[in-house]
2 protein chains.
Amino acid sequence: MTGPAGGPDATLRAWAYLARVAEPPCPELIAFVRRVGPQDAAHAIWTGAEPESLTALVAARRETDCSGADLDLLANRGGRLLTFDDDEWPAVALASFRAGAANAKREANAPLALWLLGPARLDQVAERAVTMVGTRAATCYGEQVAGDLTVGVVDRDFAVVSGGAYGIDAAAHRAALAVDGVTAAVLACGIDVPYPAGHSALLHRISQRGLLVTEYPPGVRPARYRFLTRNRLAAALSRTTVVVEAGLRSGAANTAAWARMLGRGVCAVPGPVTSAASAGCHEMLRNGEAELVTRAEHVIELAGRCGELAEEPEHPATVLDHLTPLQQRVYEALPGRGAATVEQIALGAALPPEQVLGPLALLELSGLAESRDGRWRIRRERGLDRGGGDGRSAT
Amino acid sequence: MTGPAGGPDATLRAWAYLARVAEPPCPELIAFVRRVGPQDAAHAIWTGAEPESLTALVAARRETDCSGADLDLLANRGGRLLTFDDDEWPAVALASFRAGAANAKREANAPLALWLLGPARLDQVAERAVTMVGTRAATCYGEQVAGDLTVGVVDRDFAVVSGGAYGIDAAAHRAALAVDGVTAAVLACGIDVPYPAGHSALLHRISQRGLLVTEYPPGVRPARYRFLTRNRLAAALSRTTVVVEAGLRSGAANTAAWARMLGRGVCAVPGPVTSAASAGCHEMLRNGEAELVTRAEHVIELAGRCGELAEEPEHPATVLDHLTPLQQRVYEALPGRGAATVEQIALGAALPPEQVLGPLALLELSGLAESRDGRWRIRRERGLDRGGGDGRSAT
């Protein structure tokens with residue numbers, strides 16, 4: 001772009017120029033673009049005629065116009081530059097950066113434009129997605145749970161959003177790909193930057209079957225603050241963020257904090273208290289900052305539509321559960337070995353003999369007890385084991 | 001006892017008779033004893049002159065007087081029969097069965113008398129104790145955590161109350177004994193009944209150095225409902241119950257329910273979501289029925305006196321945390337390898353060059369950056385690794 005560019009792609013060129021001219025997030029720039037449109041905004045900045053509040057924010061890069069090269073690179077790879085003018089813009093998800101505006105920090109963090117690569121539509125992803133994040137130093141346990149939860153939510157047609165990092169992120173992306181689910185990686189660098197290097201192949205697969213998303217123009221390298229900035233997008237693009245494993249100091253906790261600030265659901269998976277990789281999850285749970293989830297259904301309760309509820313886990317039951325308290329008391333008073341008279345049983349149960357007869361008859365009908373020669377014994381055929389019957393389950 | 005017994009131990013004989021004549025808990029019997037005293041109550045029941053409301057409850061055993069044999073056995077073993085007339089009676093702890101009386105179920109469950117064996121004083125135990133319970137089918141993880149938590153609370157002079165069962169109970173008792181702590185086992189059988197058989201030696205050690213507690217007279221065998229009845233005492237005898245591991249159906253959950261009903265603190269230890277032995281804990285935590293604890297300090301916060309608070313866990317920090325956001329942004333804009341001019345750094349940080357100079361100077365002073373021939377580079381000597389610096393911890 002050299003001055004006010006014309007032609008059919010002039011608007012797109014202007015957007016590409018604007019998407020690089022200030023470090024995101026930059027609410028001042030967004031406000032200016034919304035007011036005068038992208039072409040006039042780009043022209044004003046290029047010529048030094050921007051509002052004074054913008055000057056310091058664009059001064060360093062205003063003379064750097066890579067818009068042509070950026071768009072060429074994007075076209076070569078089959079990507080696209082998304083702005084709030086596009087149908088695919090996830091307006092509902094990103095509205096939370098402005099709606100309400102109760103929180104200044106929240107309001108200041110909308111993205112100006114997003115660089116995308118992949119066949120999935122971002123608006124559709126954001127409509128029904130779960131953000132799954134966690135420590136890079138994941139344990140086998142954490143990766144297994146991330147995979148299981150991912151398969152469970154993909155099975156219910158949720159997309160899985162994560163950050164493309166090692167550990168939990170990778171386990172979530174990989175599990176989603178493995179079951180042909182939709183997965184999106186929100187990056188802290190340009191769409192062409194293979195970061196982390198060891199994930200080149202994974203990111204490539206995501207770009208072919210899911211979606212790479214970033215607000216950073218091509219070539220931009222990741223930086224500490226860009227990861228934190230990226231986290232807000234990962235949180236915004238779903239209704240619920242799940243932290244699978246996180247140390248006490250963790251980027252995942254930052255994503256979770258963003259999710260909370262944006263009014264999203266936040267869940268954390270517990271783990272062994274002896275595992276440092278779960279310490280951040282436990283702290284969030286103790287502080288009431290996250291809901292404890294153990295199964296995909298729990299996540300869906302938070303992420304899904306109204307009424308998508310988890311089924312209650314089945315509690316294991318034994319035949320004895322169907323007995324009345326009186327019948328149980330009589331049953332327990334039967335001797336562990338051998339047989340007993342009605343009087344002995346009544347004594348054991350601390351009941352008058354006449355109150356024992358009815359329950360005994362019902363226990364016989366249920367096949368739990370039997371009488372011979374006026375003496376009662378437990379029937380063992382049903383495989384019922386009273387041994388150690390302290391009412392506690394074996395699991 | 002044969003009718004109204006006289007002599008110096010007549011009252012004790014009466015108590016022993018009463019402690020066996022009805023299956024506990026029996027609030028009608030307690031009310032009667034409180035009204036007329038133990039000797040008159042025993043005599044009335046023995047002669048069939050008890051209040052009508054009691055008749056069905058004592059009819060089965062009124063003619064069985066084992067009081068002499070019971071007290072002999074107790075004397076031989078060095079035990080004692082505790083009643084609400086004794087100094088050692090844990091009146092404060094047991095008051096919650098009556099105080100408030102908002103809950104009928106709660107009110108109906110006070111014990112009449114307790115059979116004790118061991119050197120510890122029950123009133124002192126109950127004054128500063130933690131009840132630790134869990135599944136018999138504990139995992140190595142659960143037993144390790146039970147042991148660790150026990151050592152931690154013993155270290156702060158808490159007694160540890162449990163149920164003498166296999167699994168978590170045993171791990172808690174054993175850990176307390178190992179560090180010379182006080183531990184009490186609340187039994188669902190007579191003090192002379194070695195249950196479970198495999199714990200004969202453990203129960204013996206507890207009786208020599210801690211305390212065996214039961215409301216069941218000598219010789220009484222455990223039964224399903226007695227375990228549930230026992231659980232209420234285990235919960236009542238401390239200010240906080242900790243469930244270390246529990247399946248979905250678990251006696252430990254019953255103890256926790258009693259603790260809640262009695263207004264005690266309830267904690268649960270999380271574990272792997274893939275472990276059935278932690279499923280009950282996770283369910284309690286999800287339902288808000290327990291507080292998540294990972295360390296002994298968390299338990300002490302609930303069980304201890306006002307102001308006994310856990311220390312905040314230390315969050316690992318890096319030198320970069322002390323930088324301002326502007327300094328961080330400039331630091332991140334330094335190239336990963338090689339050096340860069342101020343203009344290049346300003347471009348990377350999206351800042352005017354004049355805003356970069358100050359932070360660069362401070363980074364140099366902090367030893368984080370160095371300049372040579374007008375070009376700036378990261379100083380590596382401090383062992384700072386920017387590689388993968390996405391703000392997430394390795395743990």
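A polar contact is here a pair of N or O atoms within 3.5 Å, where, within protein, one atom must be able to donate a hydrogen and the other to accept it, and residues adjacent in sequence count only if both atoms are side-chain atoms. By that rule, 14 residue pairs, both members at pLDDT 80 or more, are in polar contact between chain B and chain A. The largest share of the side of chain B that touches chain A comes from helix α12 (residues 224–236) of chain B, with 6 residues, helices being DSSP runs of H or I of at least four residues, numbered from the N terminus.

This is a predicted model, in which local features need pLDDT of at least 70 and side-chain atom pairs count only at pLDDT 80 or more, while totals for chains, interfaces and linings use all residues. Residues are numbered from 1 along each chain as its sequence is written, chains are lettered from A in the order in which they are written, and side-chain values use heavy atoms, with hydrogens and water left out.

**Interface.** In chain B, 77 residues are in contact with 77 residues of chain A, contact meaning heavy atoms within 4.5 Å. The two chains bury about 6300 Å² between them, 55% of it on carbon and sulfur atoms; this is the accessible area (1.4 Å probe) lost on putting the two parts together, summed over both. The rule finds 2 salt bridges across the interface of chain B and chain A, a salt bridge being a side-chain nitrogen of Lys or Arg within 4 Å of a carboxyl oxygen of Asp or Glu.

**Salt bridges.** Over all chains the count comes to 23, and the table gives some of them.

| Pair | N to O distance |
|---|---|
| A:R286 and B:E301 | 3.6 Å |
| B:R20 and B:D70 | 3.0 Å |
| B:E23 and B:R61 | 2.9 Å |
| B:D123 and B:R121 | 2.8 Å |

B:E23 lies in the loop between α1 and α2 (27–36) of chain B and B:R61 in the loop between α4 (52–58) and α5, so their pair ties together parts that are 38 residues apart in sequence. B:E23 is buried at 8% relative accessibility, and B:R61 is buried at 10%, where buried means under 20% relative accessible area, exposed over 50% and partly exposed in between (1.4 Å probe, protein chains only). B:D70 is likewise buried, at 5%, whereas B:R121 counts as partly exposed at 35%.

Methods: Helix = DSSP H or I, 4+ residues; strand = E, 2+ residues; numbered from the N terminus.
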